[in-house]
Amino acid sequence: MLANPQATTTQPPRTQPSPSTHHDDDVDGILAAARARAVSENLPFAGSVSPRDAWTLAAAGAAVIVDVRTAEEYKYVGHVPNSPLVQWQSGRALVKNPRFAKELAAKVNKDEPVLLLCRSGKRSAAAAEAATRAGFTQVFNIREGFEGDISSDGKRGTQGGWRHHDLPWTQD
């Protein structure tokens, strides 16, 4: 787990996660594959990427990861370093955030590649669809989410997800 002494419940500054060690060909290939997948799967947003591909894009400065989980999940379960939080739903009842598109627009440009992350990839897919309807042109879903699907024994983190793939994350 990464130590982040500046992590707080407020939004971390948007910076590149780490120095870029990736080539433009990697980035272009990942985005092209995601867009092709969107067409073949008839997705209502730009496409979907794996957690590893999401990190490659973010580390290269080619996309911004935005966490769409609840503030509690972000704080207590952990989050990707420097990923802003824009809640898709909030509270125990998971009430849809009526200001989602407006809050997202305050964090990212509507024409830049944006990678949405939730717990398992389901809420972020719904958020990606809503963002696309709101005029965001390059919104991608991060498949598997932060914790992955729930396993047969009722646990998360063993069936995929950001943490399962041992990608950088921090916890407040």
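Asn82 sits in the loop between helix 3 and strand 3 (89–90); helices here are DSSP runs of H or I with at least four residues, strands are runs of E with at least two, and both are numbered from the N terminus. Asn82 isn't a glycine, yet its phi is positive, near 65°. This is a predicted model, where local features need pLDDT of at least 70, side-chain atom pairs count only at pLDDT 80 or more, and totals for chains, interfaces and linings use all residues. Residues are numbered from 1 along each chain as its sequence is written, and side-chain values use heavy atoms, with hydrogens and water left out.

Glu144 has a positive phi too, about 75°, and is not a glycine. Glu144 turns up in the segment after strand 6 (139–142). With a relative accessible area of 28%, Glu144 counts as partly exposed (buried is under 20%, exposed over 50%, partly exposed in between, using a 1.4 Å probe and protein chains only).

As for the inside, the largest nonpolar core has 23 residues, and Val49, Leu57, Ile65, Val80, Leu115, Ile142 and Trp162 touch the most other members. Such a core is a set of buried Ala, Val, Leu, Ile, Met, Phe, Trp, Tyr and Cys residues joined through side-chain atoms within 4.5 Å. Helix 1 (24–40), helix 2 (51–59), strand 5 (114–117) and strand 6 each give two or more residues to this core, and helix 2 gives the most, with five. Leaving aside neighbours within four places in sequence, Ile142 is in contact (heavy atoms within 4.5 Å) with residues including Val49, Ile65 and Leu115. A second, separate core of 19 residues includes Phe100, Val108, Cys118 and Ala127.
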